[in-house]
Amino acid sequence: MRVLLIGANGYLGRFVADRLLADPAVQLTALGRGDDADVRFDLASGSPGALTRFLDAVHPGAVINCAGAIRGGARELTRHNTVAVATVCEALRRSGCGARLVQIGCGAEYGPSQPGSSTAEDAVPRPGGPYGVSKLAATELVLGSGLDAVVLRVFSPAGPSTPAGSPLGRLAEALRRAMQSGDGELKLGGLGVQRDFIDVRDVARAVHAASLSAAQGVINIGSGRAVRLRDAAAVLARVAGYGGALHELDGPSSPIRPTIGHPRTEPDHAAPAAYPYPDGCGSWQQADVRTARDRLGWRPRINLEESLADIWMEAACRI
């Protein structure tokens, strides 16, 4: 099967490309804005007609869209996350290729959820920021397109190549600087939030499975377990071999201890973070991933400690 991958040079796209290239039954064509793409095309400014002509020429069996923007103002996010998807949907409707569409959505489309709960696909989305709004609009375009399509709502990706500006990337960078300067104490803020972290390689496996399946609609992709960011910081410190003390600003005064892999049930679920987490989802988010198991035959394989170790290995190379 020929697969057209859009956004192959992005954070998730690189791992999806690796996964597809490892499948001898897949012929991969990468479309994107960069020079390293097989075909250069800007979804935010290109016409659906031009993309239709390319689809008719290549005739892919599946189109996977990993492209998009995670930062910027509302206009930029709308262009790259919503208008771009409208272009893909319209081009596929016009084309005679009949390709299946796999759209990468995100957990931020749901917005804040009740502490202690697991968010299923039938939850009413209430995104808490422009990024989530732009991604939700894209999802609605896909679902209303009439195409053979599935949207994978990826929660909080982690692991190799985690962006330095992400919360986990910033934690690793703070540790790197502390170790480089010999600081015996590291003060961190905003660690009270809990998120459902999922390794990017597990995300790539889910995308591959979705491209081969007949599943449609929305499917959550996460670990199914919320982890407090301060616990992730403690595990990062341990795998880094940092012997100093970690102190949370505006948080508990006791030392930070790791408890990776199990949702918290104590009453402090709803305690606000010292600083807002950038996804607009409040203090808690945890995915219900039963649909991915039932409809894709997919389960996460890589635990968060391994993901964090890979994040640290990359950060350590900058010492």
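Which residues in α2 meet which residues in α3? Before I answer, please note that this is a predicted model, in which local features need pLDDT of at least 70 and side-chain atom pairs count only at pLDDT 80 or more, while totals for chains, interfaces and linings use all residues. Residues are numbered from 1 along each chain as its sequence is written, and side-chain values use heavy atoms, with hydrogens and water left out.

To the answer, then: P48, G49, L51, T52 and L55 of α2 meet T87, V88, E90, A91, L92 and R94 of α3, where contact means heavy atoms within 4.5 Å. By class, this contact has six nonpolar, three polar and two charged residues, with Ala, Val, Leu, Ile, Met, Phe, Trp, Tyr, Cys and Pro counted as nonpolar, Asp, Glu, Lys and Arg as charged, and the others, Gly among them, as polar.

Turning to α4, residues 130–143, this helix has 14 residues and reaches 20 Å from its first C-alpha to its last, close to the 20 Å expected at 1.5 Å a residue, the expected span being 1.5 Å times one less than the number of residues. In α4, G132, S134, K135, L136, A138, T139 and V142 are buried, meaning under 20% relative accessible area with a 1.4 Å probe, protein chains only. Their cover includes α3 (74–94), β5 (100–106), β6 (149–154) and β11 (217–221).

Finally, the 15 residues of α5 (167–181) should span 21 Å, and the end C-alpha atoms are 21 Å apart, which agrees. Among the buried residues of α5 are P167, L168 and G169, and just after this helix G182 takes a positive phi of about 80 degrees.

Methods
Helices (H or I, at least four residues) and strands (E, at least two) are DSSP runs, numbered from the N terminus. Buried means under 20% relative accessible area, exposed over 50%, partly exposed in between (1.4 Å probe, protein chains only).
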